[in-house]
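Reader: I have a sequence and a 3D structure to look at. Where should I start?

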Amino acid sequence: MLKRADFPENFLFGAATSAYQIEGHAFGGAGPTHWDTFAAKPGNVVNNENGAVACDHYHRYEQDLDLLLGFDAYRFSTSWARVLPEGRGPVNQEGLDFYDRLVDAVLERGLKPFLTLYHWELPATLADLGGWTNREIAGWFGDYTDIVMDRIGDRVASVATINEPWCVSYLSHFLGHHAPGLRDIGATANAVHNVLLAHGVAMERLRARGQDNLGIVLNFEALRPGSQKPEDLAAAATYDDVMNRLFIQPLMTGTYPDAIMAGLGSHLPQRWQDDMDLISKPMDWLGVNYYTRQTIVAAPSEPWPSTRFITTDCDKTQMGWDIYPEGLHETLTWLTDEFTGDMPLFVTENGMAWDDKVINGTVNDSERMDYISRHLQQIHRAIGDGCNVQGFFYWSLMDNYEWAFGYDKRFGMIHVDFETQKRTPKESYHLLKQVIRRDRGGI
Ligand code: GCO
C-alpha cells in the first residue's frame with residue numbers, strides 16, 4: 001500500500017461531505033430546499049427520506065472534525081437555503097454563525113477548509129421560480145456567494161463554485177433522478193447553460209473580492225463501447241460528450257461539444273454565445289469526482305442521445321457501479337492532455353458504498369480498503385505520467401444522505417447509526433490514517 005511519502009511533498013489527503021447530506025436541515029433556521037420538496041413526492045427517494053436530521057452534524061460537527069485529525073484538508077459545502085432561507089433577501093444569521101464556527105473548528109484541527117458554495121442545496125423558493133432553468137439564478141447565486149464570502153472568505157483555503165454541474169442540470173432535468181425531477185430537454189438546456197453562467201458570475205464576484213484558489217468540481221466517468229460496431233463506437237463518443245465533455249469544454253474553451261449542440265443546441269437560450277467569455281474565464285484548479293466506468297451501446301430506437309449502458313461482469317459497489325480504478329488514471333491523463341495542462345487537479349471525490357455492518361464495535365470493510373488502495377495507486381501513476389494532481393478527498397467522511405437512495409447506501413469511512421447517531425470508524429478509516437501518517441506511514 002502506498003504511503004504519504006510516495007506522493008509529492010504538499011499533496012493533500014482529505015475527506016469530503018456536503019451540507020444537506022450531513023448537517024440536519026431542520027436545525028438552525030435553514031429554509032426548505034428543493035430536495036425536501038422532491039423527497040416528499042412518493043417514489044422519488046427511498047422511504048421518502050430527506051435531510052431533516054441526516055447525521056446531526058449541525059450539533060456534532062466538533063466530534064466529527066476530531067475524526068479528521070491527521071488529515072490535511074476538509075471539503076464541505078455551505079447550504080444556500082441555510083444562509084438565505086428564501087434564497088434571496090433576509091439572511092439567516094444563525095446559519096452564517098454556524099459556518100463561522102465550522103471554519104474555525106476546521107482550522108483549529110490543522111485542516112485546510114475547502115469550501116464548495118453549491119452542493120445541491122437550492123432554496124425551495126428559488127426552485128418555485130424555475131430554479132436552474134431561470135437565467136436570473138446566476139445573479140441570485142452571485143449575491144449568495146458575496147454573503148458567504150463576507151463571513152468566511154478570509155479563512156477558507158479554496159473555493160469551488162458548484163459541485164457537479166452535470167448532476168445539477170442533466171441528471172436532474174433530463175433524467176429526472178435528482179431534484180427537481182424533470183424530464184424536459186428544454187429545461188435541461190437552460191439548466192446546463194444557467195449553471196455555467198452562475199459559475200461565471202460567482203467567479204467574477206470572487207475575483208473582485210480578491211479571493212484566490214478558485215475552481216469548480218466536475219464528475220467524470222470512464223467509458224468504453226460495448227462493441228467495436230460503428231454504432232456503438234459512435235454511441236460511446238456521444239456519451240463522452242454528454243457525460244465528460246459537457247462542462248469541461250465550455251469552461252476551458254467557451255464551446256459546447258458537438259453532441260450537445262446536436263441534441264440541446266436548438267433549446268439553448270437566445271444569444272447563449274454572448275455568455276461564453278464570462279463562463280470560460282480562467283480557474284485556478286479543477287476538482288475531479290471519479291467513481292466508475294460505463295459500457296455504452298447505441299440505442300437507435302430511443303430519443304437523443306440514443307445511448308444506453310450495458311451491465312458487465314465487473315466487481316461492483318453497493319450502488320451497482322463498476323469498480324474500475326484504471327479509469328481514474330484515464331480521466332486524469334485525458335484532462336491533463338486535452339484541457340488542463342499544468343493546472344492543479346484535486347480528486348475531490350472518490351469512494352465506494354458498501355453494505356457495512358458494525359460487528360463487535362468494528363466495521364471490517366476490506367472491500368473499501370481495496371478500493372481506496374487501488375485508486376490511490378492510479379493517482380500515483382497519473383502523477384508519474386505528468387498530471388498535476390495535488391490532493392485526494394475520500395467521499396465521504398461519514399455515511400450520509402445519498403440523495404434519491406436515502407440512507408441505504410453507506411459511502412463513509414465512518415459508520416453512522418442513524419437511530420443513535422453513534423459514529424464508528426471503519427477499518428478503511430484506520431487504514432487511510434496509516435497511509436497519511438507523517439512519521440512513517442503506509443503498512
Ligand atoms: C456526487 C455528489 C455526492 C454523492 C456521491 C455518491 O458526486 O454525486 O457529490 O453528493 O453522495 O458522489 O453518489
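Author: This is a predicted model, in which local features need pLDDT of at least 70 and side-chain atom pairs count only at pLDDT 80 or more, while totals for chains, interfaces and linings use all residues. Residues are numbered from 1 along each chain as its sequence is written, and side-chain values use heavy atoms, with hydrogens and water left out.

Reader: How many helices and strands are in the protein?

Author: Helices (H or I, at least four residues) and strands (E, at least two) are DSSP runs, numbered from the N terminus. Counted this way, the protein has 15 helices and 11 strands.

Reader: What is the radius of gyration of the protein, and what would a compact globule have?

Author: The radius is taken over C-alpha atoms, and the globule rule is 2.2 Å times the number of residues to the power 0.38. For 443 residues the rule gives a value near 22 Å, which agrees with the protein's own 21 Å.

Reader: Which residues are closest to the ligand?

Author: A residue counts as near a molecule if one of its heavy atoms lies within 4 Å of it. The ligand is surrounded by 13 residues. This shell divides into six nonpolar, four polar and three charged residues. The closest are Gln21, Glu164, Tyr291, Glu349 and Glu402.

Reader: Which side chain has an N or O atom 2.9 Å from an oxygen atom of the ligand?

Author: A polar contact here is a pair of N or O atoms within 3.5 Å. In Trp395, a polar side-chain atom lies 3.3 Å from a ligand oxygen, and for the side chain of Asn163 the distance is 3.0 Å. The 2.9 Å distance belongs to His119.

Reader: How much of the area that the ligand exposes when taken alone does the protein bury?

Author: Accessible areas come from the Shrake-Rupley method with a 1.4 Å probe. Taken alone, the ligand exposes 320 Å², and the share buried by the protein is 95%.

Reader: Where is the cis peptide bond that involves Trp395?

Author: Most peptide bonds are trans. Here the bond has an omega of about 10°.

Reader: Which loop holds Pro180?

Author: The peptide bond from Ala179 to Pro180 is cis, with omega near 10°. Pro180 is in the loop between α8 (165–173) and α9 (185–208).

Note on methods:
Polar contact = N/O pair within 3.5 Å; in protein donor to acceptor, adjacent residues only side chain to side chain. Nonpolar A, V, L, I, M, F, W, Y, C, P; charged D, E, K, R; others polar.
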